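I opened a new notebook page for this structure.

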Amino acid sequence: MAELTDLKLAAGTATPGPNEPIRVVYVMGAGRSGSTVLDTILNNHEDVIGVGELVHLYIEGSAQKENCSCGAARDTCEVWHSVRERWSELTGISSITAHERLMTKFTRVQRLAIPEWHRLRAGNPDPDFAECLKQTHATYQAIADATGKRVIIESSKSPLRAKLLSLTPGLDVRLVHLVRDVRGVAWSRMKPFAKSKEGGVPQDIRPKPIHISVGYWLFMNFLSEQVRRSFPDRPSTRIHYEDFVSAPAQTLKEIGKVAGLDYSSVANRLLAGDAMIPGHLYAGNRVRTAGPITLRSDMAWTERLTPNQKRLAWLLAGYKLRQYGYERLPELTPNSESDVLAARSLRRVA
Ligand SMILES: [Zn+2]
């Protein structure tokens with residue numbers, strides 16, 4: 001069951017007005033947890049725009065030539081073209097290279113930006129920090145201006161970026177911590193993908209050994225929990241991918257409470273088998289370029305991981321899996337909410 005904290009800010013279902021902070025519903029957690037599918041479905045609310053993994057704008061640099069989910073190259077996608085122009089107007093900066101450097105400095109998970117965050121805590125922020133926040137706000141203002149939407153769904157996943165956004169004046173950030181069983185994540189990361197611009201794979205993806213994936217999963221979920229704890233007054237929730245595919249209406253309701261939006265109509269359309277249209281997802285899992293999607297579960301790991309791999313995952317991460325409600329030997333049960341979804345819940349929901 002989703003954990004829900006402090007809904008004071010999430011009261012009602014009104015979208016923010018032009019003089020209110022831009023609302024960002026930020027999905028964080030480990031990669032391969034289904035965030036692109038979630039982002040795509042959340043985009044189908046009329047008041048929101050899904051932008052995918054905006055963090056890649058800064059991590060990979062402006063030279064990255066991946067396609068937008070609308071099918072156009074990022075350079076030619078009308079929305080991102082307008083966003084870039086508006087951002088330059090707002091900041092007075094013509095190139096985002098300097099912004100990339102700032103974002104890398106403060107949000108790169110690989111180095112954790114420990115000195116910079118320490119200075120901030122000590123009340124002596126890095127001189128670049130205020131400028132970084134100003135340029136960050138301009139990014140979201142530019143998206144709001146270009147799309148006419150003041151609720152933005154972002155699935156960058158990086159908890160450090162979630163922290164930076166939560167400190168940015170003028171943004172009303174709502175946090176969604178997305179968790180998927182580490183064994184599903186690890187199996188997904190064991191599959192290699194060849195580079196395909198059209199398929200949304202910017203570079204060859206090599207298979208990752210299971211112990212590396214488990215360590216990565218533990219670390220990203222630890223950081224996500226820390227960020228939620230750091231901002232106890234912000235509406236936030238933890239959801240599980242397995243719950244989402246087996247009972248999507250319930251999960252969308254929980255996210256809707258945090259986002260301050262009524263997702264019942266989207267849930268009904270999803271359960272009726274309607275196609276879900278992605279927004280302009282800047283980056284994310286390759287499914288974002290596949291057009292309309294139908295939600296389905298992926299429990300292949302239960303059959304494809306070897307007994308030794310399953311044992312190792314449980315040895316390293318069993319304590320956390322138990323805490324999250326996952327079973328060592330899950331009992332697969334038919335999905336009860338819809339025949340459309342061949343989903344099977346693997347989580348013990350209290
Ligand atoms: Zn686009």
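Is the crossing of helix 7 and helix 9 left-handed or right-handed? I looked it up in the model, which is predicted, and the crossing is left-handed.

Next I took the geometry of this pair. The axes of helix 7 (residues 159–166) and helix 9 (residues 210–230) come within 9 Å and cross at roughly 15 degrees. Because angles under 35 degrees count as roughly parallel, I noted helix 7 as roughly parallel to helix 9.

Then I listed the residues that meet. Helix 7 contributes Pro159, Ala162 and Lys163, and helix 9 contributes Met220, Leu223, Ser224, Val227 and Ser230. I sorted the residues of this contact into 5 nonpolar, 2 polar and 1 charged.

I moved on to helix 6. Helix 6 covers residues 127–147, which is 21 residues. From first C-alpha to last, helix 6 reaches 32 Å, close to the 30 Å expected at 1.5 Å a residue. I found Gly148 following helix 6, with a positive phi near 75 degrees. The buried residues of helix 6 include Cys132, Leu133, Tyr140, Ile143 and Ala146.

Why does Phe129 count as partly exposed? Phe129 has 18 C-beta neighbours inside 10 Å, so Phe129 counts as partly exposed; a buried residue would need 20 or more. Leaving aside neighbours within four places in sequence, I found Phe129 in contact with Phe106, Glu116 and Leu120. I also noted 9.6 Å between the C-alpha atoms of Phe129 and Leu164, which are 35 residues apart along the chain.

Key: Residues are numbered from 1 along each chain as its sequence is written. This is a predicted model: local features need pLDDT of at least 70, side-chain atom pairs count only at pLDDT 80 or more; totals for chains, interfaces and linings use all residues. Helices (H or I, at least four residues) and strands (E, at least two) are DSSP runs, numbered from the N terminus. The expected span of a helix is 1.5 Å times one less than its number of residues. A residue is buried if 20 or more other C-beta atoms lie within 10 Å of its own, exposed if 12 or fewer, and partly exposed in between; C-beta atoms are placed from the backbone. Two residues are in contact if their C-beta atoms, placed from the backbone, lie within 7 Å. Axes are lines fitted to C-alpha atoms, for helices over the stretch in contact, and angles run from 0 to 180 degrees between N-to-C directions. Angles under 35 degrees count as roughly parallel, over 145 as roughly antiparallel, 65 to 115 as roughly perpendicular and the rest as oblique. A crossing is left-handed if the near helix is turned anticlockwise from the far one by less than a right angle, and right-handed if clockwise. Ala, Val, Leu, Ile, Met, Phe, Trp, Tyr, Cys and Pro count as nonpolar, Asp, Glu, Lys and Arg as charged, and the others, Gly among them, as polar.
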